[in-house]
Amino acid sequence: MKIVVFEAEEWERVACLALEPTHAVVCRKEPLKVGGAGEFADAEAISTFVNSDLGATVLKHLSNLKLIATRSTGYDHIDLDY
């Protein structure tokens with residue numbers, strides 16, 4: 001499974017990379033935004049924090065997506081209707 005972790009702090013990066021080699025894990029310091037969403041079209045799972053844009057415009061680019069794991073208390077940055 002390809003997993004992309006956005007807004008990853010260094011300590012999170014170390015923890016996430018423990019999932020390899022079973023999964024392909026990419027850790028990004030930047031939040032997920034519409035301009036770069038197409039780069040991650042093959043991601044099956046993403047983990048985000050509050051600054052990532054998970055609106056319909058972004059989610060349309062993630063055609064293989066099966067799981068969104070937010071690392072925040074709230075989820076108002078995720079378009080649940082989409």
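This is a predicted model: local features need pLDDT of at least 70, side-chain atom pairs count only at pLDDT 80 or more; totals for chains, interfaces and linings use all residues.

Glu39 has a relative accessible area of 51%, and because exposed means over 50%, Glu39 counts as exposed. Salt bridges that share partners bring Glu39 into one network with Arg28 and Glu30. The points below begin with this network and the other charged pairs, and then turn to the overall fold, the nonpolar cores and some individual residues.

**Salt bridges**

- Arg28 is the salt-bridge partner of Glu39, and their closest N and O atoms are 3.1 Å apart.
- This pair links distant parts of the chain: both Arg28 and Glu39 lie in the loop between strand S2 (24-27) and strand S3 (45-48), 11 residues apart.
- Arg28 has a relative accessibility of 25% and therefore counts as partly exposed.
- A second salt bridge joins Arg71 to Glu12, with 2.8 Å between the closest N and O atoms.
- Because Arg71 lies in the segment after S4 and Glu12 in helix H1, this pair ties together parts that are 59 residues apart in sequence.
- Glu12 is buried, with a relative accessible area of 12%, whereas Arg71, at 25% relative accessibility, is partly exposed.
- Arg13 and Glu10 are three residues apart, which is about one turn of the helix.
- Glu10 is exposed, at 51% relative accessibility.
- The count of salt bridges comes to six.

**Overall fold**

- The protein contains two helices and four strands.
- Read from the N terminus, these elements follow the order β-α-β-β-α-β.
- The radius of gyration is 12 Å, close to the 12 Å that the globule rule gives for 82 residues, so the protein is as compact as a globular protein of that length.
- Taken along the principal axes, the C-alpha atoms fill a box of roughly 35 × 25 × 20 Å.
- Of the 82 residues, 35% are buried.
- Among contacts between residues at least 6 apart in sequence, 39% join residues at least 24 apart.

**Nonpolar cores**

- In soluble globular proteins, nonpolar side chains tend to be buried together.
- The largest nonpolar core of this protein has 12 residues, including Val4, Phe6, Leu32, Phe40, Ile46, Leu62 and Ile78.
- Apart from this core lies another, of seven residues, among them Ala8, Cys16, Val25 and Cys27.
- Beyond its neighbours within four places in sequence, Phe6 is in contact with residues that include Leu32, Phe40 and Ile46.
- The contacts of Phe6 also include Arg28, Glu30 and Arg71.

- Glu7 is found in the loop between strand S1 (2-5) and helix H1 (10-17).
- A polar atom of the Glu7 side chain lies 3.2 Å from the backbone nitrogen of Phe49.
- Residues up to four places away in sequence aside, Glu7 touches several others, including Glu12, Arg28, Thr48, Phe49 and Arg71.

- Ser72 is located in the segment after S4.
- With a relative accessibility of 15%, Ser72 counts as buried, because buried means under 20%.
- The side chain of Ser72 makes a polar contact with the side chain of Thr70, at 2.8 Å.
- The Ser72 side chain also reaches the backbone oxygen of Gly74, at 2.6 Å.
- Not counting residues up to four places away in sequence, Ser72 touches Phe49, Val50 and His77.
- Lys66 occupies the loop between helix H2 (56-59) and strand S4 (67-70).
- Is Lys66 buried or exposed? Its relative accessibility is 61%, so Lys66 counts as exposed.
- From C-alpha to C-alpha, Lys66 and Val50 are 19 Å apart in space, and they are 16 residues apart in sequence.

Note on methods
Residues are numbered from 1 along each chain as its sequence is written. Side-chain values use heavy atoms; hydrogens and water are left out. A nonpolar core is a set of buried Ala, Val, Leu, Ile, Met, Phe, Trp, Tyr and Cys residues joined through side-chain atoms within 4.5 Å. Buried means under 20% relative accessible area, exposed over 50%, partly exposed in between (1.4 Å probe, protein chains only). Contact means heavy atoms within 4.5 Å. A polar contact is a pair of N or O atoms within 3.5 Å; within protein, one must be able to donate a hydrogen and the other to accept it, and residues adjacent in sequence count only if both atoms are side-chain atoms. The radius of gyration is taken over C-alpha atoms; the globule rule is 2.2 Å times the number of residues to the power 0.38. A salt bridge is a side-chain nitrogen of Lys or Arg within 4 Å of a carboxyl oxygen of Asp or Glu.
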